[in-house]
Amino acid sequence: MYLNYVLIKGAGDLASGVASLLHQAGFPVVMTELDQPTCVRRLVSFADAVYQGETQVAGVQGILVKSFSEAMEVTKKGAVAIIIDPEGKTAQEHPPEIYIDASMMKKNRGCRPDLGRIVIALGPGFEAGKDAHAVIETQRGPHLGEIIFSGRAIPDSGIPGDVLGYTAERLIRSSADGIFQEVKAIGDEVDAGDIVAYVEGQPVRAQISGTIRGLLKSGLKVKAGMKAGDIHPEKGVAVADQVTDKAWIIGLGVLRAILALRKKYNPSPREEKRELFSQLEQCMKQGKGGVLYTLLEADGLEELEPGARMLVLPSGVSVGSLGLPALDRDMLHMGQSKDKMAQGAEMIPWPLPWSKMTGLTGSSSDQRVQILREWVVSQKKIIIFGGGHISLPLAEMALILGFLVFVVDDREEFSNPRRFPGAEKTICCNFSELIEKDLLAGEIDPATSIVIVTRGHLQDRACAEYVIGSNAAYIGMIGSKPKVQSTFRKMLESGFTREELSKISAPIGLDFGGQSPAEIALSILAEIVASQYGASGKPVKELKGVILP
């Protein structure tokens, strides 16, 4: 079984650019390295954490760990984990969903398609379809960052990439076999012929003028002619701690390959949508609703699929995916906002996290994903037991507030569509029949408010006993204090508990002082709305204080 993380073999500068971009895309990233890495661009390589304990690349923290469990804890805290693993045990013992060979050895040294659910290799030396599921082109030029699903990358020419007209002369090479000792530091400016290091007393010189962009760490054993550093052919520019455009483009190619291969291995979109809408239907039946996100457009990352959906449930659980972990994470956070009663829909532009990175201009710079957010709320309902003089204005006001209205009465003239033209349903039957046949089965849920305003004590009590065990959001019963006490006393004698009776708001409504049917109806709805929002029903000025000019 594959575990949910990305494992990258190698933590040099190109591998670190890939790791940084995947981290920004929301993937948990673990990198493996040798116990003495020989990367030269140390300021932009997570490999430097092997020597320093931790480092930063493009604002992403990398931390050296001793075990896989520690690596997982580091990724949960938002950092990249680096583990010393020259034998590749991590992949064998903890198979990742995504395995990336970024060792840049120019030959295959152990990469196989079974090392992960998705296996990607960088550069020459690998064959897509045989050694890995995909290979990413790493040679500068028009094909840099392209995904190869069948075949090989362009063979290594042995000539470093052209930077401002310089190729091989940019490199700093060891002058002898022995121990490398720095004289200059990364970021220093040099002139052609300057000594930048020594190996066994032999000077290592710069071949061109410029700024040292990379240099081996002192104390490492080197061989004559071995690459020991490189020089950017300009002075006065901050390049030492900048991830190259090449690394970012390769990283974007890796991300696109992951998204394309995930489509191949994941369940069909139809099955995912069926599961999502099944979950939504269940929540609606329970009166809970949720927040539905739909990906409309993925400008700059066409591997994301328009129409992908993710549902965020009130519990904080998400169902489905928009295709990118960071996007899912941000929408999940928004879906758990305190604005529980928000309704309608809105467009959300989501900038690609790496869109400002140097070198990605024209491919994803300033580009955004467009998301539609819809609040899917269970339809508010109000069930009114009793169709008398209070029920008329109560039903009218409830309709204005967006409730579906149900009216129940045992008198035909008080419960019919003519008397309540806006009602969703009117039921005329004996209350005992209503209870026996459970005629409101399926209508009472956590989005339902129940108002008991029948014509007599017996009917009130029968209705209260019928609904007291439901999951209704609100239950209220009209009546004077003596009437309510009498009704509650008889219910206690029938076996109901005080805890159960406490669910009923009685006498019903907020204290407005009004006596007309409309005023009483208004006080009832005010209490219902306050209950929905968890509000006190007190004057706002009492809660916030009078604000004098």
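Me: Which residue forms a salt bridge with arginine 140?
Reply: Here a salt bridge is a side-chain nitrogen of Lys or Arg within 4 Å of a carboxyl oxygen of Asp or Glu. The model is predicted: local features need pLDDT of at least 70, side-chain atom pairs count only at pLDDT 80 or more, and totals for chains, interfaces and linings use all residues. Residues are numbered from 1 along each chain as its sequence is written, and side-chain values use heavy atoms, without hydrogens and water. With closest N and O atoms 3.0 Å apart, the partner of arginine 140 is aspartate 245.

Me: How many residues apart in sequence are the parts that arginine 140 and aspartate 245 tie together?
Reply: Helices (H or I, at least four residues) and strands (E, at least two) are DSSP runs, numbered from the N terminus. Arginine 140 sits in the loop between β9 (134-136) and β10 (147-148). Aspartate 245 belongs to helix α5 (residues 245-265), so the gap is 105 residues.

Me: Is arginine 373 buried or exposed?
Reply: Buried means under 20% relative accessible area, exposed over 50%, partly exposed in between (1.4 Å probe, protein chains only). Arginine 373 has 9% relative accessibility, so the class is buried.

Me: What separates glutamate 465 and arginine 461 in helix α10?
Reply: Their salt bridge has its closest N and O atoms 2.9 Å apart. Both residues lie in helix α10 (residues 457-467), four residues apart, so the separation is about one helical turn.

Me: How many salt bridges does the count come to?
Reply: Glutamate 346 and arginine 373 also meet in a salt bridge, at 2.1 Å, N to O. By the 4 Å rule, the count comes to 21.
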